[in-house]
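Please look over the chain shown here with attention to how its elements pack together. The report is meant to be read alongside the sequence and the coordinates.

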Amino acid sequence: MQSTPPDPGNRPALPGRFDAARMQQLVRLTGPALAPTLLAQLVVDIDACHRQLEAALAQGDWDGLRRASHDLISLAGSCGAETLHDLARQANAAAHARDSAALAADRARIAAEAVALTDLIRALQGGQTPW
């Protein structure tokens, strides 16, 4: 996968604490033939986790909250999205404690970090190096 320098006027916002080296390593390990498939699947999976988290929160579905936050922990950690990883861990702990107030308090930050990560991955899909 070739990358082009980012266009400063069209660069996605980076997720909070972001380890670009981890994302680069993930793409490098996947190899150029499979990297586009990996990046596309990451976008699908991160979006799905976020939607599942939102739906489970709205329904008071503690099992769903635990599952979605657990998956988001793995996805964010694998991509180097450290802030999202930490927020997903907090959401998982809150789901285990059935603490809806803690989940609601981080809801907007989780959404913003998930969007920032998927925007960054889409930029990578388009051949940009957004960092």
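## Overall architecture

The model is a predicted one. The secondary structure of the protein chain consists of five helices and zero strands, so that, read from the N terminus, the order of elements is α-α-α-α-α.

Of the 131 residues in the protein chain, 44% count as buried. The accessible surface comes to about 6800 Å², and carbon and sulfur atoms account for 53% of that surface. Among the contacts in the protein chain with a separation of 6 or more, 72% are between residues 24 or more positions apart.

## The nonpolar core

The largest nonpolar core holds 35 residues, and the members that touch the most others are Met 23, Ile 46, Leu 65, Leu 72, Leu 84, Leu 117 and Ile 121. At least two residues of this core come from each of α1 (20-30), α2 (35-59), α3 (62-79), α4 (82-97) and α5 (100-125), with α2 giving the largest share, nine residues.

## Helix α3

The buried residues of α3 are Trp 62, Gly 64, Leu 65, Arg 66, Ala 68, Ser 69, Leu 72, Ile 73, Leu 75, Ala 76, Gly 77 and Cys 79, and the elements that cover them include α1, α2, α4 and α5. The 18 residues of α3 should span 26 Å at 1.5 Å a residue, and this agrees with the end C-alpha atoms, which are 26 Å apart.

## Thr 118 in helix α5

Thr 118 is placed in helix α5. Is Thr 118 buried or exposed? Thr 118 counts as buried because its relative accessibility is 3%, and the cut-off for buried is under 20%. Leaving aside neighbours within four places in sequence, Thr 118 is in contact with Val 43, Ile 46 and Asp 47; Ile 46 is also among the core members that touch the most others.

Notes: Residues are numbered from 1 along each chain as its sequence is written. This is a predicted model: local features need pLDDT of at least 70, side-chain atom pairs count only at pLDDT 80 or more; totals for chains, interfaces and linings use all residues. Side-chain values use heavy atoms; hydrogens and water are left out. A nonpolar core is a set of buried Ala, Val, Leu, Ile, Met, Phe, Trp, Tyr and Cys residues joined through side-chain atoms within 4.5 Å. Buried means under 20% relative accessible area, exposed over 50%, partly exposed in between (1.4 Å probe, protein chains only). Helices (H or I, at least four residues) and strands (E, at least two) are DSSP runs, numbered from the N terminus. Contact means heavy atoms within 4.5 Å. Accessible areas come from the Shrake-Rupley method with a 1.4 Å probe; for residues, only the protein chains shown count as cover. The expected span of a helix is 1.5 Å times one less than its number of residues.
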